[in-house]
Amino acid sequence: MSKSVEELKDLTTQVRRDILRMVHAVNSGHPGGSLGCAEFLVTLYNEVMDLKDGFDMDGKDEDIFFLSNGHISPVFYSVLARRGYFPVSELATFRKLGTRLQGHPTTHEGLPGVRVASGSLGQGLSVALGAAQAKKLNGDKHLVYTLHGDGELQEGQIWEALMYAGAKGVDNLISTIDYNGRQIDGDTKDVLSLGNLKAKFEAFGWIVLEEKQGNDIAAILKVLQQAKSETGKGKPVAILLHTEMGNGVDFMMGTHAWHGKAPNDEQLEKALAQNPETLGDY
Ligand SMILES: Cc1ncc(C[n+]2csc(CCOP(=O)(O)OP(=O)(O)O)c2C)c(N)n1
Ligand SMILES: [Mg+2]
């Protein structure tokens, strides 16, 4: 299946509506990072990854993805549902007690598409390394993808995993950093500066690509294709993807304020007016 950039844009707009409506409905959740990563996840799942029909936990003979910054579950759930992993109507159960769509993804609930619990930041890269090495042992040529927040990179476990991946030449892995420059309490440079991230990844033995237009679908497609072409060369591949937190909703952009805050009724109305329905609300 191949979608045009226009179709991917329409899907992204619908995903934005899902995110906003899910978070508003329960007055909790994380719209900022979710909106910033909508183009990336839509493109990855619909145009880049080689996926089997249906879902099984092992993910043999297909590409697999781990969301490490699990707080952006709204965008993950919406993209999974709209890719056919579970009914779109189930998005209405987000963050409700006893449902499969918990605030942070878990495996316990058995939601198709989810292979690791995340939300406790810093763990996803380590898990992905295990999966990537298992693919090699199984003779499975498919790739492992991950997504991490930039604030998440402040976790110590990330650097242990970065070191391991470089030292062991885990070259069937593409890790993207949501490089939005913001985190829960402010700008990343003020909270705990990441310094020269590209130089740090390279020092740990990674190939690093940087994309300044991280909310532009054509640019995302291009950098992901380039990343794919860099796999199999003895090094893990990272993409520093510059995104805008809150992208697509004017009053949520340019600030960290919407990292983990729901819009009220009036704000929802404004936000939805900027993102007209394209594929049908859940
Ligand atoms: C181990 C751990 N420590 C702290 C938190 C609380 N927390 C949730 S999101 C977040 C900020 C993460 O920043 P970033 O990864 O840049 O995400 P963004 O705000 O850009 O969505 C923090 C500190 C957590 N979930 N896990
Ligand atoms: Mg961030």
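Here are some notes on the predicted model above, point by point.

1. **Ground rules.** This is a predicted model, so to speak of a local feature I need pLDDT of at least 70, side-chain atom pairs count only at pLDDT 80 or more, and totals for chains, interfaces and linings use all residues. Residues are numbered from 1 along each chain as its sequence is written, while chains are lettered from A and ligands numbered from 1 in the order in which they are written.

2. **Overall build.** The protein chain holds ten helices and seven strands, taken as DSSP runs numbered from the N terminus (helices are H or I with at least four residues, strands are E with at least two). Along the principal axes, the C-alpha trace spans about 50 × 45 × 35 Å.

3. Of the 282 residues, 47% count as buried. The cut-offs work on C-beta atoms placed from the backbone: buried means 20 or more others within 10 Å, exposed means 12 or fewer, and partly exposed is in between. Among contacts with a separation of 6 or more, 76% come from residues 24 or more positions apart; a contact here is a pair of C-beta atoms, placed from the backbone, within 7 Å.

4. **The record.** An unreviewed UniProt entry carries the annotation "domain: Transketolase N-terminal" over residues 16-270. UniProt positions are given in the numbering used here, feature names are shortened, and annotations may be inferred rather than shown by experiment. Over residues 16-270 the model has 37% helix and 13% strand, with the end C-alpha atoms 13 Å apart.

5. **Around ligand 1.** The shell has 21 residues, and the closest are Gly33, Gly149, Gly151, Glu152 and Gln183. A residue gets in if its C-beta atom, placed from the backbone, lies within 6 Å of the molecule. Helix 2 (31-36) and strand 4 (182-183) are the elements that give two or more residues to this shell. By type, the shell splits into four nonpolar, twelve polar and five charged residues. In that scheme Ala, Val, Leu, Ile, Met, Phe, Trp, Tyr, Cys and Pro are nonpolar, Asp, Glu, Lys and Arg are charged, and the others, Gly among them, are polar.

6. **The core.** The largest nonpolar core has 70 residues, and Leu41 and Val75 have the most contacts inside it. Helix 3 (residues 38-48) gives the most to this core, with seven residues. Membership takes buried Ala, Val, Leu, Ile, Met, Phe, Trp, Tyr and Cys residues joined through C-beta atoms within 7 Å. Setting aside residues up to four places away in sequence, Leu41 touches Val75, Phe76 and Val79.

7. **Helix 4.** This one is mostly covered, with ten of its ten residues buried. The cover over its buried residues includes helix 1 (5-26), helix 2, helix 3 and strand 1. Ala81 lies in helix 4 (residues 73-82) and is buried, with 22 other C-beta atoms within 10 Å. Beyond four places in sequence, Ala81 contacts Phe86, Pro87, Val88, Glu90 and Leu91. Just after helix 4, Gly84 takes a positive phi of about 100°.

8. **Two loop residues.** Gly214, in the loop between strand 6 (207-211) and helix 9, counts as buried because it has 25 C-beta neighbours inside 10 Å. Its contacts outside four places in sequence are Phe40, Tyr179, Ile220, Leu241, His242 and Thr243. Gly214 and Phe40 are 174 residues apart in sequence, yet 7.3 Å apart C-alpha to C-alpha. Lys233 sits in the loop between helix 9 (217-229) and strand 7 (237-242) and counts as exposed, with 11 C-beta neighbours inside 10 Å.

9. **Backbone angles to check.** Most residues other than glycine have a negative phi. Asp61 has a positive phi of about 60°; it is in the loop between helix 3 and strand 1 (64-67) and is partly exposed, with 13 other C-beta atoms within 10 Å. Arg95 has a positive phi of about 65°, in the loop between helix 4 and helix 5 (124-137), and is partly exposed with 19 other C-beta atoms within 10 Å.

How values were computed: Two residues are in contact if their C-beta atoms, placed from the backbone, lie within 7 Å.
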